[in-house]
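Keep the sequence and the 3D view open while you read.

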Amino acid sequence: MSTRAESPPSTPTQAAEAELKILRSMLEMRAFEERAAQQYQMGKIGGFCHLYIGQEAVVAGSFAAVRDDDYVITAYRDHAHALGRGTSMNACMAELFGKATGCSKGLGGSMHFFDKERFMFGGHAIVAAHIPLGIGLAFAAKYRGEDRVALCYFGDGAIHQGAYHEAFNLASLWQLPVLFICENNGYAMGTAVHRSTALEELHHRGRGYDMSHSAVDGMDVRAVRDQVRNVVEDIRANSHPHFLEARTYRYRGHSMSDPATYRTKQEVDTKKEQDPITTFRDQLISEGLLSDEQFTQAQKAARQEAAESVTFADQSPDPPLSELHDYTYARPEHE
Ligand SMILES: Cc1ncc(C[n+]2csc(CCOP(=O)(O)OP(=O)(O)O)c2C)c(N)n1
Ligand SMILES: [Mg+2]
């Protein structure tokens with residue numbers, strides 16, 4: 001298990017390498033989900049499937065700014081969080097297919113990706129229900145005297161739930177080392193933020209809990225990375241919560257079964273012009289850190305890996321029926 005400290009790269013070569021790694025990570029997330037969408041349409045994936053396409057900079061930027069042993073927890077739009085942590089595409093695709101080789105042994109599906117080795121604590125389907133669990137992770141870190149931070153991601157729709165408020169209050173009262181990252185993609189299913197939320201600057205809600213807060217352009221991976229780096233440095237040193245609102249956009253419907261008739265094609269097309277991957281690619285090319293050819297190669301490699309993960313998932317066995325009732329309650333051997 002790697003517990004590398006994520007400090008800013010010190011030489012120009014290291015900095016360039018770190019940025020290319022971020023680009024590759026976003027390409028992998030995109031390629032994986034495009035392939036997953038295709039497989040869903042072919043009827044190979046059961047249950048719900050929510051894609052993160054368009055939002056990749058939030059996870060890729062924030063993960064680039066933290067340590068591998070910091071805790072991660074999120075809602076059901078969770079593929080990118082697992083992939084970004086280093087869970088293999090094979091294990092992720094197999095999970096979508098409900099196969100025994102999946103990252104949750106095929107018993108979780110799209111909304112319940114877990115990877116204990118990489119401190120990825122899910123994948124949770126009930127809106128906001130994981131936020132108290134997220135502060136539990138932060139509490140554990142503080143209680144044990146570790147300098148770890150918990151990254152707790154949730155959507156703009158989660159901030160109206162009671163669990164969110166209870167968790168925010170305790171996080172501030174107990175000064176827990178947690179970074180709340182609200183992935184504000186403008187919609188909770190078909191409901192636009194302005195139709196459900198009186199205070200549209202969502203991060204200002206931190207004030208109600210005496211919690212520091214900020215907003216960042218969630219389509220700009222460098223902005224996300226730099227903001228998270230600054231905030232996490234302070235959280236690690238001084239143990240406190242912070243509410244970061246990342247303004248982003250999802251290109252696809254809420255889930256695979258959503259025709260997304262509540263927004264115009266023009267709106268989606270305008271947002272796609274700020275695509276986090278092409279924006280970052282163009283920045284790197286104009287700075288001489290990447291060539292067109294290198295980009296195409298990286299994209300091809302990501303797509304190839306995604307295609308291979310389908311073969312892996314297809315060929316993997318179903319979980320045995322004898323496991324049907326396992327993993328519901330904790331047992332000593334699961335400690
Ligand atoms: C407690 C609860 N209420 C309702 C739902 C149904 N539901 C699933 S996703 C969702 C919208 C959440 O939107 P948001 O938090 O903005 O996340 P996004 O899907 O945009 O990532 C709702 C209402 C649920 N899963 N849990
Ligand atoms: Mg949303």
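Start with helix α1, residues 12–41: at 1.5 Å a residue, its 30 residues should span 44 Å, and since its end C-alpha atoms are 44 Å apart, the two agree. (The expected span is 1.5 Å times one less than the number of residues.) Helices here are DSSP runs of H or I with at least four residues, strands are runs of E with at least two, and both are numbered from the N terminus.

A word on the ground rules. This is a predicted model, where local features need pLDDT of at least 70 and side-chain atom pairs count only at pLDDT 80 or more, while totals for chains, interfaces and linings use all residues. Residues are numbered from 1 along each chain as its sequence is written, and chains are lettered from A and ligands numbered from 1 in the order in which they are written.

Back to α1. The helix is followed by Gly43, which has a positive phi, near 80 degrees. Tyr40 also belongs to this part of the chain, as its place is in α1.

**The strands**

Next comes strand β2, residues 150–155, where 6 of 6 residues are buried. Both faces are covered: Ala150, Cys152 and Phe154 are buried on one side, and Leu151, Tyr153 and Gly155 on the other. Cys152 has 28 other C-beta atoms within 10 Å. Between Cys152 and Arg35 there are 27 Å, C-alpha to C-alpha, and they are 117 residues apart in sequence.

Which strands pair up with which? The table shows some pairs, where pairing takes at least two bridges found by DSSP.

| Strand pair | Sense | Bridges |
|---|---|---|
| β1 (residues 71–73) and β2 | parallel | 3 bridges |
| β2 and β3 (residues 178–184) | parallel | 6 bridges |
| β3 and β7 (residues 242–247) | parallel | 6 bridges |
| β6 (residues 212–217) and β7 | parallel | 6 bridges |

Val72 stands opposite Leu151 in β2, and Leu179 stands opposite His242 in β7. His213 has Phe243 in β7 as its bridge partner. Strand β7 is mostly covered as well, with 5 of its 6 residues buried. A right-handed β-α-β unit is made by β6, helix α8 (residues 221–238) and β7. Right-handed means that, with the strands pointing away from you, the path from the first strand over the helix to the second runs clockwise.

Over in β3, Phe180 stands opposite Cys152. From β2 the chain crosses through helix α6 (residues 162–173) to β3, and this β-α-β crossover is right-handed too.

**A closer look at α6**

The 12 residues of α6 should span 16 Å at 1.5 Å a residue, and the end C-alpha atoms are 17 Å apart, which agrees. Which residues of α6 are buried? They are Tyr164, Ala167, Phe168, Ala171 and Ser172. These residues cover an arc of only 125 degrees around the axis, so they sit on the same side of α6. (The arc is that of the directions from the helix axis to the C-beta atoms.) An α-helix has 3.6 residues a turn, so residues three or four places apart point the same way. On the face turned away from the buried side, α6 carries the exposed residues Gly162 and Leu173.

Most residues other than glycine have a negative phi. Lys105, however, has a positive phi, near 60 degrees, and so does Phe119, also near 60 degrees. Lys105 is in the loop between α4 (89–96) and α5 (130–143), and Phe119 lies in the loop between α4 and α5. Lys105 is partly exposed, with 19 other C-beta atoms within 10 Å, whereas Phe119 is buried, with 20.

**Around the ligand**

How many residues surround ligand 1? There are 14, and the closest are Val127, Gly155, Asp156, Gly157 and Ala188. (A residue counts as near if its C-beta atom, placed from the backbone, lies within 6 Å.) By class, the shell has 7 nonpolar, 4 polar and 3 charged residues. Here Ala, Val, Leu, Ile, Met, Phe, Trp, Tyr, Cys and Pro count as nonpolar, Asp, Glu, Lys and Arg as charged, and the others, Gly among them, as polar.

Definitions and conventions. A residue is buried if 20 or more other C-beta atoms lie within 10 Å of its own, exposed if 12 or fewer, and partly exposed in between; C-beta atoms are placed from the backbone.
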